[in-house]
Amino acid sequence: RAPGPSMDSVIPLAGTVLSNMLFLSPASAVLRVQAERELGELNPTPLVLMLLSTVLWTSYGIAIANPFVVVSNAFGIVLSTWYIVAVLPHMGKDARAPVVVRAVTAGAGLVVLELCAVNLAMGPQGRAKALGFSPSV
């Protein structure tokens with residue numbers, strides 16, 4: 001084996017960098033909402049989906065003991081949580097506000113139910129497969 005970084009670390013590291021760039025993409029829009037104190041054209045639903053997706057991917061990364069999956073998605077959890085917390089107060093009477101609140105509540109409930117069911121009902125291999133399936137759907 002040649003000295004230096006291997007493809008086993010270079011490719012996952014590149015994926016981590018790219019996913020973090022993706023998670024940072026709504027930042028300027030969220031900062032604009034905070035500055036203008038109104039939602040404007042920002043659709044907050046993808047922010048909720050980002051949070052749910054990163055929670056599921058992080059769970060999968062933990063199940064398969066893959067630090068690249070865990071680290072990149074943990075960063076996404078932090079950012080998407082901040083995005084939602086930063087945007088919600090500025091939704092005011094926007095018709096999308098109840099939809100976002102219901103999506104966060106329902107999504108969080110489904111994630112908790114899935115994690116409980118998978119951890120209680122399956123062994124390690126089945127758990128990893130089930131947790132890998134759900135975020136990719």
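Colleague: Hi! Before we start, what does buried mean here?

Modeller: Hi! A residue is called buried when its relative accessible area is under 20%. In this predicted model, 33% of the 137 residues of the protein count as buried.

Colleague: Thanks! And what is the protein built from, helices or strands?

Modeller: Helices: the protein has 6 of them and 0 strands. Reading from the N terminus, the order is α-α-α-α-α-α.

Colleague: Where is the confidence highest, and where is it lowest?

Modeller: Helix H2 has the highest confidence, with a mean pLDDT of 95, while H6, residues 124–133, has the lowest, at 70. Averaged over the protein, pLDDT is 82, and 89% of the residues score at least 70.

Colleague: Let's look at how helices pack. What describes a packed pair?

Modeller: Two things do: the angle between the two axes and the distance between them.

Colleague: OK, so how do H1 and H4 lie relative to each other, parallel or antiparallel?

Modeller: Their axes come within 9 Å and cross at roughly 5°. Angles under 35 degrees count as roughly parallel, and therefore H1 and H4 are roughly parallel to each other.

Colleague: Which residues make that contact?

Modeller: From H1 they include Leu-13, Thr-16, Asn-20 and Phe-23, and from H4 they include Ser-72, Phe-75, Leu-79 and Tyr-83. The residues of this contact divide into 8 nonpolar, 7 polar and 1 charged.

Colleague: Now H2. How does H2 sit against H4?

Modeller: The axes of H2, residues 27–36, and H4, residues 67–87, come within 9 Å and cross at roughly 25°. That angle makes H2 roughly parallel to H4. The crossing of H2 past H4 is left-handed.

Colleague: And which residues meet there?

Modeller: On the H2 side, Ala-27, Val-30, Leu-31, Val-33 and Gln-34 meet Trp-82, Tyr-83, Ala-86 and Val-87 of H4. By type, the residues of this contact are 8 nonpolar, 1 polar and no charged.

Colleague: Last one: what share of the contacts joins residues 24 or more positions apart?

Modeller: Of the contacts in the protein with a separation of 6 or more, 69% are between residues 24 or more positions apart.

Methods
Residues are numbered from 1 along each chain as its sequence is written. This is a predicted model: local features need pLDDT of at least 70, side-chain atom pairs count only at pLDDT 80 or more; totals for chains, interfaces and linings use all residues. Side-chain values use heavy atoms; hydrogens and water are left out. Axes are lines fitted to C-alpha atoms, for helices over the stretch in contact, and angles run from 0 to 180 degrees between N-to-C directions. Helices (H or I, at least four residues) and strands (E, at least two) are DSSP runs, numbered from the N terminus. Angles under 35 degrees count as roughly parallel, over 145 as roughly antiparallel, 65 to 115 as roughly perpendicular and the rest as oblique. A crossing is left-handed if the near helix is turned anticlockwise from the far one by less than a right angle, and right-handed if clockwise. Contact means heavy atoms within 4.5 Å. Ala, Val, Leu, Ile, Met, Phe, Trp, Tyr, Cys and Pro count as nonpolar, Asp, Glu, Lys and Arg as charged, and the others, Gly among them, as polar. pLDDT is the predictor's confidence in each residue, from 0 to 100. Buried means under 20% relative accessible area, exposed over 50%, partly exposed in between (1.4 Å probe, protein chains only).
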